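This report describes a single protein chain, moving from particular residues to the chain as a whole. Please keep the sequence and the model in view while reading.

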Amino acid sequence: MNPEASDYADSGQPNNFGTPPPLHGYAGFWKRYAAALIDLVIIGVLWLGIGLFVGIVCDGAANPVPIVFIGTAISVIIAWLYFALFESSPNQATPGKMAVGIKVTDMDGNRISFGKASGRHFGKILSVLTVLVGYIMAAFTQKKQGLHDIVSGCLVVNKSKRSGCVVAIIICATLAVPALGILNAALFPEISNATLQANMTAMGMRAKDIYVAISAANTEREPLGLPPVWPKTGEQTEAGDDLAQMTFKNSTDYFNALYDAEQCKIQGWNEQGYSHSVTYGFDLSKCAGAGVPRVPEGGRLTAENNAWIIAANIREEMEDIIPILVSRNVDPASLIPRDGDLRKQFLRPSKEFKTPFGDKGFVLVRKGGAIYKGSWRYASLDIIYPSANREGNQAIRDAFQKVEYLAP
């Protein structure tokens with residue numbers, strides 16, 4: 001007889017499979033719950049380390065999405081190896097199970113293999129998909145099996161006559177709230193921050209695409225003696241269909257004109273998704289993302305679908321640090337420097353638009369093409385306009401005598 005199955009040999013009546021039940025009984029629900037809490041804390045600490053690493057790497061990465069994906073994959077692998085290696089080890093138990101005196105066996109009381117332990121671990125997906133009913137089953141089934149135990153052919157049994165119930169109750173009472181607190185206060189914010197950084201980077205690249213498309217159009221127009229197509233405000237002084245002859249009161253109308261939406265409806269959409277008549281490389285999808293919905297196919301851009309504030313009346317001689325495109329969750333008026341120390345002047349969140357990013361941060365693209373991902377904690381105008389001296393650069397203020405910011 002397998003010595004590891006000796007706990008079953010003289011235990012009384014056989015079970016439904018013709019094998020006697022374990023000598024010390026099946027592990028109860030609360031002991032299993034206490035063990036799970038301990039394991040959750042241990043794995044949570046490991047995940048926290050991964051989350052911190054991903055957050056640090058993503059902060060300087062041009063495209064953090066693959067890094068976030070790799071970090072998530074590593075977290076999944078760590079959880080799998082943690083349970084599979086411990087439960088197939090000579091102890092047949094994770095640190096949590098060892099603490100409350102229980103172990104995992106096959107249906108005959110034998111130590112399980114790494115493959116079987118892996119099957120039991122991934123079987124927990126079924127227990128989760130049943131809204132945790134698969135776990136709660138351990139309180140009511142004859143052999144105290146959860147759904148993942150049943151599908152993998154495993155049992156969780158007591159190691160000795162010592163019940164460990166007191167230990168389980170103490171652990172449940174002392175670790176339940178802290179365990180949830182650790183995940184909520186440490187791990188989840190790191191994941192949230194990594195997601196925010198990925199969204200900010202993606203939106204920054206979309207704004208840069210808009211900037212590059214407009215700049216390229218201006219470069220093509222210059223040899224032809226045509227004025228640039230940056231938006232203008234004020235009264236329209238001459239009629240015409242050329243974008244440079246138009247004036248605008250909001251960025252939505254400007255982007256529709258830039259995309260030549262009305263002409264596209266008449267002539268048919270270009271297969272690349274943009275009109276040849278104004279600029280290459282721009283389409284209305286560049287205005288969406290991070291909670292700002294896309295324009296329905298064939299539709300016209302509205303304020304709801306437009307994530308960007310754009311600077312109007314830009315001139316070539318202006319400094320490159322001036323923000324050209326800014327996420328709409330910034331109050332446009334707060335971008336204009338006032339008299340006095342720029343260190344005491346700050347960007348303000350928009351009262352009208354919460355997306356993208358809400359109160360977490362903002363994105364802007366400067367006249368020189370640089371992308372800036374900002375936090376509201378570091379939103380003073382001496383950071384937004386870094387070449388201005390501490391008293392405020394008069395050239396910056398002079399430039400803003402004509403610059404206006406067009407909100408959606």
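The model is a predicted one, in which local features need pLDDT of at least 70 and side-chain atom pairs count only at pLDDT 80 or more, while totals for chains, interfaces and linings use all residues. Residues are numbered from 1 along each chain as its sequence is written, and side-chain values use heavy atoms, with hydrogens and water left out.

The residue is placed in the loop between helix H9 (261-267) and strand S3 (308-312); helices (H or I, at least four residues) and strands (E, at least two) are DSSP runs numbered from the N terminus. When residues up to four places away in sequence are not counted, leucine 284 touches Phe255, Asn256, Tyr259, Val295, Gly299 and Leu301, a contact being heavy atoms within 4.5 Å.

## Serine 251

Serine 251 belongs to helix H8 (residues 251-259), and because its relative accessibility is 0%, it counts as buried. Leaving aside neighbours within four places in sequence, serine 251 is in contact with Asn306, Trp308 and Ile310, and also with Leu406, Ala407 and Pro408.

## Aromatic pairs and charges over rings

Across the whole structure, a search finds 12 aromatic pairs, where rings of Phe, Tyr and Trp (its six-membered ring) pair if their centres lie within 6.5 Å, and planes under 30 degrees apart count as stacked, over 60 as edge-to-face and the rest as tilted. One of them joins phenylalanine 29 and tyrosine 33, a stacked pair with 6.3 Å centre to centre and 10 degrees between the planes. Both residues lie in helix H1 (residues 29-59), 4 residues apart, or about one turn of the helix, and together with Trp30 they form one aromatic cluster. Phenylalanine 29 counts as partly exposed at 24% relative accessibility, and tyrosine 33 is partly exposed too, with a relative accessible area of 34%.

Another pair, between tryptophan 80 and phenylalanine 114, is tilted, with 5.8 Å centre to centre and 55 degrees between the planes. This pair links distant parts of the chain, since tryptophan 80 is in helix H2 (residues 65-87) and phenylalanine 114 is in helix H4 (residues 114-129), 34 residues apart. Tryptophan 80 is partly exposed at 25%, as is phenylalanine 114 at 32%. Charges also sit over rings, which requires NZ of Lys or CZ of Arg within 6 Å of the ring centre and within 35 degrees of the ring normal: lysine 124 lies over the face of phenylalanine 83, at 3.5 Å from the ring centre, and the charged end of arginine 366 sits over the ring of tyrosine 372, 5.3 Å from its centre.

The peptide bond from threonine 355 to proline 356 is cis, with omega near -5 degrees, and proline 356 lies in the loop between strand S4 (323-327) and strand S5 (362-366). Phenylalanine 357, in the loop between S4 and S5, has a phi near 80 degrees, a positive value in a residue other than glycine, and counts as buried at 9% relative accessibility.

Glutamine 92 likewise has a positive phi, of about 55 degrees, although it is not a glycine. Glutamine 92 is found in the loop between H2 and helix H3 (95-100), and with a relative accessible area of 4% it is buried.

## The chain as a whole

The secondary structure of the protein chain comes to 11 helices and 7 strands, and of its 408 residues, 48% count as buried. Among contacts in the chain with a separation of 6 or more, residues 24 or more positions apart account for 65%.

Note on methods
Buried means under 20% relative accessible area, exposed over 50%, partly exposed in between (1.4 Å probe, protein chains only).
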